[in-house]
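Reader: Please take a close look at one part of this model. I want its surroundings, too.

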Amino acid sequence: MRIVIIDYGMGNVRSVQKALAHVAPNDQVFLTDDADLITQADRIVFPGQGAMGACMKALTQHGLVDVIKCCVDEKPFLGICLGLQLLFDYSE
């Protein structure tokens with residue numbers, strides 16, 4: 001199983017990577033901002049931390065917005081903290 005952690009420059013991705021390696025020692029765990037690797041993964045983890053505007057800017061700069069929108073509907077997907085909130089259509 002290939003688990004990809006989306007690394008777009010925001011969030012505590014090293015802690016997430018270590019936790020996944022611990023609970024899924026037989027799986028391959030990757031940190032990446034490569035859209036092709038994200039699309040090919042069996043499972044996706046989308047961590048986030050900080051301000052929503054800065055995260056969206058980073059995702060846009062990395063070209064990941066559309067990839068994330070596709071993957072959330074097609075495969076097991078875990079959004080952590082802001083990584084889940086960024087999936088909302090709007091907020092009040």
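Which residue just after α3 takes a positive phi, and of about what value?

Author: G63 does, with a phi of about 65°. The model is predicted, so local features need pLDDT of at least 70 and side-chain atom pairs count only at 80 or more, while totals for chains, interfaces and linings use all residues. Numbering starts from 1 along each chain as its sequence is written, and side-chain values use heavy atoms, without hydrogens or water.

α3 spans 52–61 (helices are DSSP runs of H or I, at least four residues; strands are runs of E, at least two; both are numbered from the N terminus). C55, A58 and L59 are buried in α3 (under 20% relative accessible area; exposed is over 50%, partly exposed in between; 1.4 Å probe, protein chains only). Down the axis of α3, these buried residues fall within an arc of 100°, so they line one face (the arc uses directions from the helix axis to the C-beta atoms). The opposite face, turned away from the buried side, carries exposed G53, K57, T60 and Q61. The buried residues of α3 pack against β3, α4 and α5 (contact means heavy atoms within 4.5 Å).

Next, the core. The largest nonpolar core holds 18 residues (buried Ala, Val, Leu, Ile, Met, Phe, Trp, Tyr and Cys, joined through side-chain atoms within 4.5 Å). I6, Y8, I38, I44 and F46 have the most contacts inside it. α3 supplies at least two of its residues, as do β1, β3 and α4. Another core lies apart, with eight residues, among them I3, V13, A24 and V45.

I38 deserves a word. Its contacts include V4, I6, I44, L64, V67 and C71, leaving out residues up to four places away in sequence. I38 also touches T32, D33 and K75.
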